Structure formats: structure tokens, C-alpha cells
Amino acid sequence: MSRLISGMLVTAMVAGGLVLAAASGGAPAQAAAKPPAASHLKVVQRTDHRLAVQFAVPAAFYRPGAGSVVRLTAGRTPAASPSKGYAVATDGRHVARTAATSPLVANTYYTFAVWIRHRGVYSKRITITTRTRPDTTRPNPVTGLTAKASIGDGSGQVTLTWTGDHTDRMGYVRIVRNVDPTTTGGEVVAARLPAGTESWTDTKIGPRAWSEDAGWPGPGNPGFNRLTYYYFVIERDQAGNFSRSYANTSTVLGSQRLSGTVTFAPGDGGQRTVSAFAGRPGALKLVGAFAARPDFFNGSFQFDVPPGLYTVCDSSNIPGPDGQDATGSCWVVRQDGTPGTVPYPGTSVSQVPTPSIDVTRGDYTAIRFTANAD
């Protein structure tokens, strides 16, 4: 039983149970009341990639510790609770607007859900469903575009890398190549690379400064051309919109100069042939050659080539015993890592040592390398 003693309500054991009582002068604790809901929810902005809604707030919104919560979900189903979906920030006019840096998908339904919060208690949810407009926004241009020339598999090639627009549904990537700094008159070398592609290698760069089909090159042949190749990359989204502009970069194919001298020996017939090879073992390709004569460059040679690995060989035009050239040799990096020469019979490309001279590293015996030669 309970008694009122000196103004205090106390407890008593009744029938083996404990009766709880509150202290005198205090009312029983009550849960915080649920605040009124927001009202007049309406769409105030609707584009292909952004949405905004505005709502009216009750007086409870202005109490200490009160505020609003706006959540967004894709489709027609609203967020089930204030912790579901994606948060949308509101401004002082009670406008909730999606961020420009992470645009919504065009022509798609989205649902906003709004709650008023006071002291950890949430109001009844109000919702509205709307739809983004069809896509008319151009994707952002690709960024970080670079071009790197190399010898590839015995042929000149250029590898492009870039970062695409990750904020839209992309369709494909287009690449244009030109020898002038404009897309006008350029060649579309990649028409429809799959969406998300951010690297591509141009293995059909065009003719070198000479062609093997035209016969053995003449004296002083430069190897690869030193044209500047310009590349232009643009993206297209699934709605058919191209980027606002092309991203562009350029590179020189024959950007490295390989040069040196050969020594004329008795019996050479006054001429030696210098050849440069690149590619895979068993599938080497001739990338430069000419005949060096005392009256023409005085035994000096040079090739303009892309960065990569090469073997350079010289041989007499007078066959030695058994049809082999006893004076032929190739400049290589030996197995011990030191540069030097090894004998070369000069009778077949299959006998050329594996390319090992890196033209980006520096000088080797009787061969000099110069980057970005004139």
C-alpha cells in the first residue's frame, strides 16, 4: 500500500509485489510529442539531371533542436525512414536541391520524402514523385589526355590515355587523328570505342619516311618520320549528346634520334650498310637502313625512331667466306648488362640479336641517342 508522509508518496509491498510511485511534486514522465508534418510540398526545379522541391514548415520547426530531413530515392517508392535513401540538403527557404556534382539520370522517376524532426522525434512523412527531363546536357570533356609514342611490335604506335566523364550515362568514345592542329580534315581512327574506355593504342599510325615495298632505302635515310600527330578525343552519351568540346594532345613519332659512326675496313668496297631492327624475337622488322660511304656522311648514320628497344647492325657489302660477312656486327646490351657489339653474319634477319638498346637511356659504344632531335 502507499501512504502520503510529509508530502512524499512512498511505496509499499502489496501482495508480494512492488508498487512504484513518483516523488511528490513531479508529474509522470511523458514521451516527446510528434511534431506536425511539413506541408505544401512542390517541385520547383526539374531539368535533365537535377531536381528541387520546396515545402512549408510548422512552428515546431523553429524550436531549439528542431529541423527537417529530406531523403531521395530512385523510382516511385519513397524512403521508408529518415535514414534510408540519399540525403538532400536544404537552404534557408526550405528548398531541397540535388547536387550538381552528382547529377541524376535523365528521364527517370525520383521520389522525395520529407520529415520534421524535434528532439529526436520525427513527424509524419510527406512525399512527392517527379521525373527528370529528357537528356539535353552535354557530357564534360575528357580530362588528363596524354599521348605516348613507342616502337610497339616493330611498328610505330601511339598510346592515348584519359579520364572520361563519370557523371553521365555514356554511349561511346570517338578519336580523330590529324597532322594539323585541328579536327578539320582529320581521320576518324576510332569511331565507337565502348563507353568507359580510357585508353587506346593507335597501331596504324601511317607510313614511315620510307617504305620497304619501295626497295632498299638509300643513303642517309631517316627511319621514321618526325611529323607531329594531333589527337582529338570526344565522348557521346546515350542520349546522343557529344561533349562540349574535343580534348586534344599531340606527339612526335620519331622523337628519338639514334646516330653513330661505322669504321670502314679494307675489302669493304668503300661502303657499309647500317640497319636498325625492332620487334619480337623471330618477328623483327627493319625500321631504318642506309648505305654509308666515305664520300657520303663519311660513315656517319642516324635514324629518327620512337622510344623503345632496338638492335643496330652494320655489315660490308662484300660477302665473306661461305657467303657470310666477316666484318658485320650488331650493337646490343650483352647478357652481363654492358653495352657492346656481337658478331653478325649479315645473311638473314633471323640472325639479328633480340633488340636490347633502349634509346631513352643514353649512349652506347659507337651509338649516340638524342631525345627530341631537330
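Student: Which residues make up the covered face of strand 19?

Tutor: Please keep in mind that this is a predicted model, in which local features need pLDDT of at least 70 and side-chain atom pairs count only at pLDDT 80 or more, whereas totals for chains, interfaces and linings use all residues. Residues are numbered from 1 along each chain as its sequence is written, and side-chain values use heavy atoms, with hydrogens and water left out. Strand 19 spans residues 247-252, where strands are DSSP runs of E with at least two residues, numbered from the N terminus. The uncovered face holds Asn248, Ser250 and Val252, and the covered one holds Ala247, Thr249 and Thr251.

Student: What is the strand order of the open sheet of 4 strands?

Tutor: Two strands pair if DSSP finds at least two bridges between them. Strand 18 (residues 228-237) is joined to strand 19 by 6 bridges, and these two run antiparallel, while strand 15 and strand 18 are paired in the antiparallel sense over 8 bridges. The edge strands are strand 16 (187-194) and strand 19, each pairing on one side only. With antiparallel pairing, the order is 16-15-18-19.

Student: In strand 18, which residue is the bridge partner of asparagine 178?

Tutor: The residue in question also stands opposite serine 250 in strand 19. The bridge partner of asparagine 178 in strand 18 is tyrosine 230.

Student: How many aromatic pairs does a search of the whole structure find?

Tutor: Rings of Phe, Tyr and Trp (its six-membered ring) pair if their centres lie within 6.5 Å, and planes under 30 degrees apart count as stacked, over 60 as edge-to-face and the rest as tilted. By that criterion, the search of the whole structure gives 3 aromatic pairs.

Student: Why is the pair of phenylalanine 61 and tyrosine 62 described as edge-to-face?

Tutor: The ring centres of phenylalanine 61 and tyrosine 62 are 5.2 Å apart. Phenylalanine 61 is buried, at a relative accessible area of 18%, whereas tyrosine 62 is exposed at 60%; buried means under 20% relative accessible area, exposed over 50%, and partly exposed in between, with a 1.4 Å probe and protein chains only. The pair is edge-to-face because the planes of the two rings stand at 85°.

Student: How many residues apart in sequence are the parts that tyrosine 172 and phenylalanine 242 tie together?

Tutor: The rings of tyrosine 172 and phenylalanine 242 have centres 6.3 Å apart and planes at 80°, so this pair is edge-to-face. Tyrosine 172 is buried at 7% relative accessibility, and phenylalanine 242 is partly exposed at 26%. Tyrosine 172 belongs to strand 15 (residues 170-178) and phenylalanine 242 to the loop between strand 18 and strand 19, so the parts tied together are separated in sequence by 70 residues.

Student: Which arginine lies over the face of phenylalanine 242?

Tutor: A charge sits over a ring if NZ of Lys or CZ of Arg is within 6 Å of the ring centre and within 35 degrees of the ring normal. One such case is the charged end of arginine 76, which sits over the ring of tyrosine 109 at 3.8 Å from its centre. Over the face of phenylalanine 242, at 6.0 Å from the ring centre, lies arginine 236.

Student: How many residues does the largest nonpolar core have?

Tutor: A nonpolar core is a set of buried Ala, Val, Leu, Ile, Met, Phe, Trp, Tyr and Cys residues joined through side-chain atoms within 4.5 Å. Leu160, Trp162, Ile175, Leu258 and Phe301 have the most contacts inside the largest core, whose residues number 38.

Student: Which residues is proline 103 in contact with, leaving aside neighbours within four places in sequence?

Tutor: Proline 103 lies in the loop between strand 9 (95-97) and strand 10 (109-118), and at 22% relative accessible area this proline is partly exposed. The C-alpha atoms of proline 103 and threonine 167 are separated by 6.5 Å, although the two residues are 64 residues apart along the chain. With contact meaning heavy atoms within 4.5 Å, the partners of proline 103 beyond those neighbours are His49 and Thr167.
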